[in-house]
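Please look through the sequence and the structure shown here, and then read the report that follows.

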Amino acid sequence: MDGSVQLHLSVGSKRGSDQLLCSVANGPYIMSTTANGSDSKKFKSELRGPITSSRVIHIRKLPSDITEAEVISLGLPFGDISNLLLLKAKNQAFLEMNSEEAAQNMVGYYSTMMPVIRHQPVYVQFSNHKELKTDHSPNQERAQAALRALSSPHADGAAPSSVLRVVVENMLYPVTLDALCQIFAKFGTVLRIIVFTKNNQFQALLQYQDGASAQAAKLSLDGQNIYNGCCTLRIGFSKLTSLNVKYNNEKSRDFTRPDLPSGDGHAPMEHPAMTFAPGIISAAPYSGAAHAFPPAFTIQPAMSSLYHGLAVPTLPGALSSPSIPGTRLGYPSVPSGHSVLLVSNLNPERVTPHCLFILFGVYGDVMRVKILFNKKENALVQMSDSTQAQLAMSHLSGQRLHGKPVRVTLSKHSSVQLPREGHEDQGLTKDYSSSSLHRFKKPGSKNYANIFPPSATLHLSNIPPSVVEDELKMLFSSSGATVNAFKFFQKDHKMALIQMGSVEEAIESLVEFHDHDLGENHHLRVSFSKSSI
């Protein structure tokens, strides 16, 4: 083997096999597989910072049948790639980015949101080398050919269209316009989107600001599943050069025209998606900021080749046992059997186990919660299964709770253990396995169809007939929050929508008032709504 290749292989053994390589087992987050009283020691490595930066990225634990195109696609959303070294026998690769800033964005993003290729977690870290010298490396001709093919817009030299046609196949779970926006905004500025059903298939037309963004999105997302084994994205370039959007609603959106009507006679809609940028969804893969968090939707590799998308995805089980939502290209994945989440950057003065139980309970049944004794800004939350852990992680990471953006990642713990008998922990560990407040106890519960990202509008239900609008508005403003609007359901006054001053206020109101006793044996049920008033 050429000396330059040997030099790079030393990265994994020298600094490496114990300290450096271990430090990226779950991004910079790693801990032992059991939880007990000595939490501080176990969490030191989970909270460890990044190593010295470099333009060269070291990628480990790749599948044995990995291709050059797959490795390149990991880096494309973050910037131009100048060189590639693929070491299949070692299940490793090195990418040299054009700039150190692009490399920092890539490592920073993947340290929080681990990429998964064909259900195999892939570890991304800086190399301790500043450039790749691969002139005499084996298979380098093929690597350079892949770089040229994937970095150029089109083989014929024509610029790619900025409009994509997206078809969602095997759609066992609902897919919304907002879900697609947040997925595709990873690769550039989304200007307009239209969703529709044609030939009994859910489809979308999506316009980027430029063709390069559309090219990157097509390359990275075509053939991927939104959820494991279903909701497969089939992406092609549209012949259209621009989209004409007349209304901003759940079927169409023009992010350059927030003044457009909703089409139902109401004023222009205000939607959380429109706050990504001044009127436009714009999302760099990773901003590099201390509290920059990815969007709330996830991608899972299809059961077939990641880039050919020819095989039919394997069908999941019945709806009563939903498949595991997961990841691809930096979106978080929860392997089967892993149901414990690490929640960090909490406000230790305000957050309690009950608070986390109620909030995470929106997305699954919480079994146990443990706030760390010596690091009370961190907690472990054990969900009922990995599906629910994924839902909670993808919807809640980055949301603000009591003034701080919460970070949610997969923990290496397999379960949260209760304190040993005679060892009190000041009530920081709670067992909720037999709670009556679980929303998903019944197999195939309709609550699975009503899971939405946190929003300023809350859905209220189980309201007794004697309770009027002013009482509920007073209740929700009693904590100091602002109530902007309220509306009973026209046909059923047991339900209502209440719009708070912000998403953060809505989150805190849900935590405080879910299961609130309204009298007459009615306990209020609160969840996030996809609607606005």
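C231 is buried, with a relative accessible area of 0%, where buried means under 20% relative accessible area, exposed means over 50%, and partly exposed lies in between, using a 1.4 Å probe and protein chains only. C181 likewise counts as buried, at 0% relative accessibility. A disulfide is taken to be a pair of cysteine sulfur atoms within 2.5 Å, and by this rule the count comes to zero disulfides.

The model is predicted, so that local features need pLDDT of at least 70 and side-chain atom pairs count only at pLDDT 80 or more, while totals for chains, interfaces and linings use all residues. Residues are numbered from 1 along each chain as its sequence is written, and side-chain values use heavy atoms, with hydrogens and water left out.

The mean pLDDT (the predictor's confidence in each residue, from 0 to 100) is 75 for the protein chain, and 72% of its residues reach 70 or more.

| Stretch | pLDDT | Contacts in the model |
|---|---|---|
| residues 153-158 | below 50 | eight contacts |
| residues 265-333 | below 50 | 224 contacts |

An open sheet of four strands has antiparallel pairing and the order β3-β4-β2-β7; helices (H or I, at least four residues) and strands (E, at least two) are DSSP runs, numbered from the N terminus, and two strands pair if DSSP finds at least two bridges between them. Its edge strands, each pairing on one side only, are β3 (81-87) and β7 (123-126). Strand β2 (residues 56-60) is joined to β7 over four bridges in the antiparallel sense, and H58 has Q125 in β7 as its bridge partner.

Two helices meet this part of the model, and their angles run from 0 to 180 degrees between N-to-C directions of lines fitted to C-alpha atoms, for helices over the stretch in contact. Helix α5 (residues 68-75) lies across β2, β3 and β4 (92-97) and runs at about 135 degrees to β3. Helix α6 (residues 100-112) packs on the sheet and touches β2, β4 and β7, its direction making about 140 degrees with that of β7.

Leaving aside neighbours within four places in sequence, L458 is in contact with residues including F476, L497, I498, M500 and F528.

Key: Contact means heavy atoms within 4.5 Å.
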